[in-house]
Amino acid sequence: MMYMHYCKCCNHIFMLNGHRMICPKCLEPLTELRISYLDYTKLNIEEREAFKASCADEEQLKKLKTRYRMYKYSKWYKELQAENTENLPITTLLAQKEREKAKKKAEKKAEKEANKKADKKADTNDETL
Ligand SMILES: [Zn+2]
């Protein structure tokens with residue numbers, strides 16, 4: 001299921017699969033919006049811009065947002081909370097996880113690149129022999 005979310009930091013409306021708590025771009029906490037995915041897709045470009053402008057306004061956002069509370073029963077939430085000895089906001093923990101994931105991914109990529117280079121070097125060495 002697709003749900004609409006707003007990131008104040010990016011000033012962007014995101015269509016995301018599932019109820020998300022952090023922005024996929026900047027990892028700051030997201031606000032889930034009451035508007036359904038279908039209703040949003042029916043808006044034209046001007047209406048979307050106007051809607052985004054309303055989201056950027058704290059007072060209006062209060063009326064536009066919704067809170068998904070069922071996540072408290074999900075496995076990932078329980079697992080995160082089990083490690084949460086410092087009682088940090090769940091969005092902070094999620095952002096940390098995402099940063100770790102991105103770091104690992106970058107490391108793996110760098111490793112792969114290094115291996116590729118090493119292979120290439122080995123190849124050229126073979127040719128010179
Ligand atoms: Zn963002």
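## Secondary structure

Helices (H or I, at least four residues) and strands (E, at least two) are taken here as DSSP runs, numbered from the N terminus. By that definition, the protein has five helices and three strands. Their order along the sequence is β-β-β-α-α-α-α-α.

A word on the source: this is a predicted model, in which local features need pLDDT of at least 70 and side-chain atom pairs count only at pLDDT 80 or more, while totals for chains, interfaces and linings use all residues. Residues are numbered from 1 along each chain as its sequence is written.

## Overall shape

The radius of gyration, taken over C-alpha atoms, is 21 Å.

Let's turn to burial. A residue is buried if 20 or more other C-beta atoms, placed from the backbone, lie within 10 Å of its own. Buried residues account for 9% of the 129 residues.

## The nonpolar core

A nonpolar core is a set of buried Ala, Val, Leu, Ile, Met, Phe, Trp, Tyr and Cys residues joined through C-beta atoms within 7 Å. The largest one has ten residues: Tyr 3, Met 4, Tyr 6, Cys 7, Ile 22, Cys 23, Leu 30, Leu 33, Phe 51 and Cys 55. Strand S1 (2-7) and helix H2 (45-56) each supply at least two residues of this core, and S1 gives the most, with four.

How values were computed
Rg over C-alpha atoms; globule rule 2.2 N^0.38 Å. Buried ≥ 20, exposed ≤ 12 C-beta atoms within 10 Å, placed from the backbone.
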